[in-house]
Amino acid sequence: MKIEIKFRSIFKKIKPICRIYTKNDSHTIEIDKQQTFIGQFDIAHKDTLNIEFTNKDGVDDNVVHIDELHIDEINLQHYIYEGEFFPEYDSKWLEQQTTAPPESYKPCTELRLKGIWKFSIITPIWKMIMEKWLNDKR
Amino acid sequence: MTKDRMPKLLQDAIEQNSYDVDVITKNLKLPWLKLDLDFGEWTEEHVSFLQSNDDWRKKWKFPDSDKNSYQVKNWNGKLFFGPTDFDKFLKLSGQNEHDHDEDSKCRRYRDQLDYGWYSDNSIKTKINKLIPDSDLNLVNSYILPSGGYVFPHRDYAIDNIGLAKIYVAVRWGEGNVFGQYGCGNIPVKEGDVFLVNNYTLPHWVFNGSDRERIVLDISANLHSDKIKESIFKAFRKGFYER
């Protein structure tokens, strides 16, 4: 199944590197200032799209933005905000904190730390979106 | 206990249970009911009244008012009956009911604001034969040219209603779709009148025919005599007749 992600990045010299993976497939890419990634993935009925920011550099302060997500050629629109970012805090920095920082951030499409952004998937995608509408309690 | 030794509650339920418009339209959440309301023939004169060069989304001040945003292609409409001071109505409903659809907003303010026809025309005459002005909340057309669509979405209502929209297929060529998630497509043919629930299920429309699709949408008091009678008939047909 095709996954298309529109990324944006901020960096001085160190281009962000992300590993994009599901249960059965993985791709690793460098992210330019503006970049569209397109990859084929073997997606299980219940799966998770993971975007792992692997080379955060504190000096360069490189940042990854996830601007758009299309799975199976369907724009996930605002559902992108259901993605959750699990940062991997620097252990020395963590020890110095008097209050523990959050384990995860949601909504979050801006990866400023090393860590993994996770987005749950149920196929078929069109039905996943219909079920979200169906169960919307507004 | 009654004289027959039947508890009174049970006796009343058995003897007095009948059809209830509110239960059928609000509680059951049926996706649609085909009504037998007869508005008569739709001539080219009627059709020309229903067509519009207005921009429906701008008229209602939708946040994304572009009629060709990626979720909507060439979908348009025209107002015939509704709040007479439309700007005041929009201001009020925008402050309080921003999540609700046009029908719901018009139901909400029916007792607070003046409502009426925006012009005197043959559509008014046709509708008033079956529904008096006092039972109308909103009358408008929906226009969808060949190839036009509205993405899957759900509408929201203030009154937890299900079946609400009287949907008259004035022009409906082969290849048109009104899909309701999990229920297939509403089996609409040109000239049909349906009571549609656009609040419970995600739904979408597409005009796959080669001509313009024209729908008359009526939001009305469903207790109005002829409407109520038609709802009961449709219910009996769907759930009682073999």
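Predicted model: local features only at pLDDT ≥ 70, side-chain atom pairs only at ≥ 80, totals over all residues.

I looked up the strand order in chain B and got β1-β10-β7-β12-β5-β3-β4, seven strands in an open, antiparallel sheet. The edges are β1 (32-35) and β4 (115-117) of chain B, each with pairing on one side only. From one strand to the next I read an average twist of 25°.

**Entry 2, one pair up close.** I picked β7 (residues 165-171) and β10 (residues 193-196) of chain B, which run antiparallel and share four bridges. Which residue stands opposite B:Val168? I found B:Val193, in β10(B).

Helix α8 (residues 225-239) of chain B lies across β1, β7, β10 and β12 (213-220) of that chain. I get about 110° between helix α8 and β1(B).

I have eleven residues from chain A and 13 residues from chain B in the contact. About 1000 Å² is buried between the two chains, with 59% of that from carbon and sulfur atoms. On the chain A side, A:Met130, A:Trp133 and A:Arg138 lose the most area to chain B, together 55% of what that side buries. Helix α2 (residues 125-134) of chain A gives the largest share of that side, six residues. I sorted the chain A side by type: four nonpolar, three polar and four charged.

**Entry 5, polar links.** How many salt bridges are there between chain A and chain B? My count is zero. For polar contact, I have five residue pairs between chain A and chain B, both residues at pLDDT 80 or more.

Definitions and conventions: Residues numbered from 1 in each chain as written. Chains lettered and ligands numbered in written order. Heavy atoms only, no water. Pairing = 2+ DSSP bridges. Axes fitted to C-alpha atoms, helices over the stretch in contact; angles between N-to-C directions. Contact = heavy atoms within 4.5 Å. Buried area = accessible area lost by both parts, 1.4 Å probe. Salt bridge = Lys/Arg side-chain N within 4 Å of Asp/Glu carboxyl O. Polar contact = N/O pair within 3.5 Å; in protein donor to acceptor, adjacent residues only side chain to side chain. Nonpolar A, V, L, I, M, F, W, Y, C, P; charged D, E, K, R; others polar.
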